[in-house]
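I opened this model to look up its pockets, cavities and helix packing. My notes follow in the order I made them.

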Amino acid sequence: MFYTDGMWIPKYMNIDQHTVKKFDADLEEIRSSILKMGGLVEEQIDRALEALTQGDLALCAMVEEGDQKVNDMEVEIDEKISRIIAIRQPAAGDLRLVMAFEKTITDLERIGDEADKIARMTKLIYSSDRISLPRTTEIRHMSSASKVMLRKSLDALARLDETIAVEVIAKDESVDDEFKAILRQLITMMMEDPRTISMSIEMLFIAKAIERIGDHAKNIAEYVYHIVKGKDVRHVSVEDIQRDVISEE
C-alpha cells in the first residue's frame, strides 16, 4: 500500500506512484508561482504607497505598468490549474487545494488592481493645484496592517498553517475599524473646508482600496483554513473559528 490524498491505497489498484509524485510536483509548481505572484503584488502595493507619501508620479507610472504583469501571471497560473484539473481530475483534499489556488490568484489580481487604483488617485492628487497636501499618517498605519495580513496569508498558504490563517482572519476587523475612522476624519474635513472635497474623495478611494486589500488577504486565509480543516468559514464569526481551533487542540 501507499499513502496519497489522506488515505492508504492498495498497490493492486490502478494508481501509479510515479503519477502521484508528478501530481504533487505540479501542485508545488503552482504554489510556487502563486507565491511569486504574491511577491509582485506586494511590490505593487509598496510602490503605490511610496508614491502617495512622496508625491512621486514616476512611481505611479511604474505601478500602472506593473499591473499588466500581475494580470499576465494570473492568466499563466490559471492555465496551469486548468491543465491539472483536466489531466489529473483531483478529488477530496487535492480538489480543495486546487480550487483554493484558483481563488487565490483571483484575489491577488484584485489586490493588484487596488494598488493600481491607489497610484491613479495619487496622480490626481499631485497633478492638480491643491491648497494643501493630504495627511497620510493614518493611511500609512492602515496600509501597514493590510500588508501584514497579505504577507501572513501567503505564509499560511505556503505552510498550509491554519493557525496563521486564523490570525489573518481576526486582523480584518481592526483594519475595517481604521477605515471607518479615516472616513469620519475625511467627512469632517470636507464639512469644515469645502475646498478639500476633491482631495478628500480621492483619499477616500485610497483608504477603501487599502481596506479591500485586507479583505482579499482575509479571503486567502479562509481558503487555507478550508484546505486544512475542510470547513468553509467565509460566513463564520472570528470567535466561532477561534473556538473551533481551541476545541481541536
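This is a predicted model: local features need pLDDT of at least 70, side-chain atom pairs count only at pLDDT 80 or more; totals for chains, interfaces and linings use all residues.

I began with the second largest pocket, where α2 gives the largest share of the lining, 5 residues. Helices here are DSSP runs (H or I, at least four residues), numbered from the N terminus. Residues are numbered from 1 along each chain as its sequence is written, and side-chain values use heavy atoms, with hydrogens and water left out.

**Second largest pocket.** I listed its lining: K22, D26, E29, I30, K80, R83, I84, I87 and R88. A pocket is an open set of points on a 1 Å grid over the protein atoms alone, with protein on both sides within 12 Å along at least five of seven lines; lining residues have an atom within 4 Å of a point. The space in this pocket is about 160 Å³. A volume is the space filled by probe spheres set on the points, which are joined across faces, edges and corners. Asp, Glu, Lys and Arg count as charged; Ala, Val, Leu, Ile, Met, Phe, Trp, Tyr, Cys and Pro as nonpolar; the others, Gly among them, as polar.

**Cavities.** How many cavities of 30 Å³ or more does the structure hold? I noted 3. In a cavity a 1.4 Å probe fits but cannot get out. The largest cavity has a volume of about 40 Å³. P134, R135, Q185, L186, M189, M199 and M203 line it. Of these residues, 5 are nonpolar, 1 is polar and 1 is charged. The largest share, 3 residues, comes from α5.

**α3 and α4.** Next I checked helix α3 (residues 92-127) against α4: the angle is about 160 degrees and the axes are 13 Å apart. Axes are lines fitted to C-alpha atoms over the stretch in contact, and angles run from 0 to 180 degrees between N-to-C directions. The two helices are therefore roughly antiparallel (over 145 degrees). F101, T104, L108 and I111 in α3 meet L150, L154 and L157 in α4 (heavy atoms within 4.5 Å). This contact has 6 nonpolar, 1 polar and no charged residues.

**α4 and α6.** Last, I took helix α4 (residues 137-159) with helix α6 (residues 197-229): about 20 degrees, axes 9 Å apart. They are therefore roughly parallel (under 35 degrees).

Methods. Angles under 35 degrees count as roughly parallel, over 145 as roughly antiparallel, 65 to 115 as roughly perpendicular and the rest as oblique.
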